[in-house]
Amino acid sequence: MSGSHPTQRTSAASVNDKKDEGLLADLPRIDFLYLSEPDMIRAGVTDMPRCIDALEEMFGLLHTGDYRMAGGSNNSHGAIVVFPEDSPFPDMPKPTVDRRFMAMPAYLGGSFRTAGMKWYGSNIANRDKGLPRSILTFVLNDVDTGAPLAMMSANLLSAYRTGAVPGVGARHLARKDSRVVGLVGPGVMARTSLAAFMNECPLIDTVKIKGRGQANLDAFRAWAAQTYPQLAVEVVGTEEEAVRGSDIASFCASVATGDPSIYPTVRREWVKPGAFLSMPAPCNTDEGMIADDIRKVLDFTGMYEAYLEELPAPRHVHVPAVGVRWFDLIEEGRLSRADLQDLGAIVAGDTPGRQNDEEIIILSVGGMAVEDVAWGTMVYRNAVAQGIGVKLNLWEEPALK
């Protein structure tokens with residue numbers, strides 16, 4: 001699995017190279033696969049159990065160092081284009097909520113041995129047009145030639161890999177007898193997180209959901225009734241009600257970045273012994289949640305260390321992940337670096353997972369390009385094996401050599 005030795009990983013990679021070389025068999029001609037969203041569904045992008053397995057292997061590779069992301073440290077979340085408050089150019093976009101473009105490139109070794117980049121534009125006003133807030137595409141590349149292997153619709157790819165990270169967390173950190181899940185935010189992230197929790201903790205029988213709009217709450221309840229008819233779904237009015245009494249709790253709500261005081265906040269008095277808290281969206285905590293008896297786990301330490309180099313303090317203003325707050329607290333002398341643990345080390349067995357039924361564990365989920373590469377590679381290989389997608393030609397022979 002994720003703790004494989006380098007020789008085993010090389011062997012696996014050589015096998016998968018043969019899977020990926022079909023479209024490059026007639027060099028210098030280069031063909032690549034185009035996968036629309038319906039193609040991605042047919043190729044298994046919504047297969048949460050397999051996605052969790054793929055990302056668990058990925059976390060092991062992060063721990064051993066068989067990966068690369070952007071930036072001088074090879075750990076950057078990505079490169080982002082944002083817009084100024086005042087511009088002399090009347091046609092330049094305004095800096096409204098989530099108005100940005102971002103590129104997230106990565107290489108992942110092991111049995112994947114591919115590179116790729118997720119590219120997206122985001123604008124919260126899209127919802128008024130019947131579109132998702134973010135529109136995503138993903139390009140997968142051969143690591144030897146750099147040639148494209150596939151271009152994919154990536155909204156589902158991103159949604160499922162995002163939910164699978166809490167799933168890996170639950171596999172190692174949640175109580176297996178968990179029954180009650182509390183969710184803040186009834187959107188896509190809540191759905192995929194719940195799918196992952198259900199996969200890892202099959203005794204779950206109750207979901208508490210807190211949301212701002214009735215339409216979103218109704219849509220979540222309809223989805224849950226169809227997907228998990230065995231669940232009792234309770235709509236609650238506050239973050240406290242979502243967290244209090246829950247075995248697993250997750251904040252999945254979109255909130256404007258910039259003012260941590262408005263980020264959904266976890267208070268120690270709400271959290272029951274043995275709870276697992278998964279935080280893939282904006283999150284703050286009270287003083288009690290930074291105490292020594294609360295285990296604090298990062299999805300990948302290197303990315304948070306990269307933020308230290310890239311962003312001015314305090315960084316929680318710029319990146320709303322709770323793990324970023326922990327690093328702000330370290331700089332303030334209120335936490336120790338030794339207080340933080342790494343999910344990859346837990347997956348690899350170098351740090352213990354859940355040790356007893358009473359410990360409270362909170363996981364910061366920040367999102368990484370290697371996740372898209374891991375799951376995108378698996379979906380691409382499924383598509384090739386099943387003959388899914390449209391083969392497109394880059395060139396018969398390059399005009400420039």
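Buried means under 20% relative accessible area, exposed means over 50%, and partly exposed lies in between, with a 1.4 Å probe and protein chains only. The model is predicted, so local features need pLDDT of at least 70 and side-chain atom pairs pLDDT 80 or more, while totals for chains, interfaces and linings use all residues. Residues are numbered from 1 along each chain as its sequence is written, and side-chain values use heavy atoms, without hydrogens or water.

View 1. C283 counts as buried, because its relative accessibility is 0%. C201 is also at 0% and counts as buried. A disulfide is a pair of cysteine sulfur atoms within 2.5 Å. The whole structure holds zero disulfides. For C283, the closest cysteine sulfur is in C252, 11 Å away and too far for a bond. For C201, the closest is again in C252, at 15 Å, too far for a bond.

**View 2. The largest nonpolar core around L55.** A nonpolar core is a set of buried Ala, Val, Leu, Ile, Met, Phe, Trp, Tyr and Cys residues joined through side-chain atoms within 4.5 Å. The largest one has 114 residues. L55, L194 and W375 have the most contacts inside it. Contact means heavy atoms within 4.5 Å. Beyond neighbours within four places in sequence, L55 touches R161, A164, V165, V168, E371, A374 and W375.

**View 3. Helix α4, residues 155-173.** Helices (H or I, at least four residues) and strands (E, at least two) are DSSP runs, numbered from the N terminus. Of the 19 residues in α4, 16 are buried. The expected span is 1.5 Å times one less than the number of residues. For α4 that gives 27 Å, and the end C-alpha atoms are 27 Å apart, which agrees.

**View 4. The loop at D98.** D98 sits between β3 (79-81) and β4 (100-108). Leaving aside neighbours within four places in sequence, its contacts are S122, N123, I124 and R133. P49 is 49 residues from D98 in sequence and 30 Å from D98 in space, C-alpha to C-alpha.

View 5. The protein chain has 11 helices and 18 strands. Its C-alpha trace spans about 65 × 55 × 45 Å along the principal axes. Of its 401 residues, 53% count as buried. Among contacts between residues at least 6 apart in sequence, 74% join residues at least 24 apart.
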